[in-house]
Amino acid sequence: MNLKHLPADSRPREKLLQRGPAALSDAELLALLLRTGIAGKNVLQLADELLHLKRKDDDADGFDGIAGLLNASAADLQRIKGLGPAKRAELVAVLELARRA
């Protein structure tokens with residue numbers, strides 16, 4: 001489902017502007033950074049998948065949400081379909097800013 005088909009108050013950007021960042025789920029916040037999905041998968045689905053994927057070097061389920069994503073390597077992110085060089089670079093930069101904070 002395309003996000004344009006969702007009611008305006010359910011779309012991540014509009015929801016953030018109307019209710020503030022605390023009203024958004026981790027997947028919705030991540031979707032704002034990713035901006036677009038891929039064929040057959042909208043950006044919210046891509047963000048949710050990213051939060052729950054398995055890392056090669058870890059038997060735990062997914063990245064364990066945002067906390068686990070903070071420890072994801074560039075190689076972990078490179079394996080994810082839909083994260084090209086531009087999205088990976090932006091995501092790595094945001095994750096590094098979060099770590100520094």
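These legends go with several close-up views of a predicted model. Local features need pLDDT of at least 70 and side-chain atom pairs count only at pLDDT 80 or more, while totals for chains, interfaces and linings use all residues. Residues are numbered from 1 along each chain as its sequence is written, and side-chain values use heavy atoms, with hydrogens and water left out.

**View 1. Lys15 pairs up with Glu28 in a salt bridge.** A salt bridge here is a side-chain nitrogen of Lys or Arg within 4 Å of a carboxyl oxygen of Asp or Glu, and the whole structure has five of them. In this one, the closest N and O atoms are 3.1 Å apart. The pair ties together distant parts of the chain, with Lys15 in helix 1 (residues 12–19) and Glu28 in helix 2, 13 residues apart. Helices (H or I, at least four residues) are DSSP runs, numbered from the N terminus. Both Lys15 and Glu28 are buried, where buried means under 20% relative accessible area, exposed over 50%, and partly exposed in between (1.4 Å probe, protein chains only).

**View 2. Arg35 reaches Glu90 from a loop.** Arg35 sits between helix 2 (26–34) and helix 3 (43–52). Its phi is near 70°, a positive value in a residue other than glycine. Most residues other than glycine have a negative phi. The side chain of Arg35 meets that of Glu90 in a salt bridge, 2.6 Å from N to O. Glu90 belongs to helix 6 (residues 85–100), 55 residues apart from Arg35. With 31% relative accessibility, Glu90 is partly exposed.

**View 3. Glu96, Arg99 and Arg100 form a salt-bridge network.** Within this trio, the side chains of Glu96 and Arg100 meet at 3.0 Å, N to O. Both lie in helix 6, four residues apart, or about one turn of the helix. Glu96 is partly exposed at 29% relative accessible area, whereas Arg100 is exposed at 66%.

**View 4. Helix 6 has a buried side and an exposed one.** This helix has 16 residues and reaches 22 Å from its first C-alpha to its last, close to the expected 22 Å; that expected span is 1.5 Å times one less than the number of residues. Lys87, Arg88, Leu91 and Leu95 are buried.

Conventions
Helices (H or I, at least four residues) and strands (E, at least two) are DSSP runs, numbered from the N terminus.
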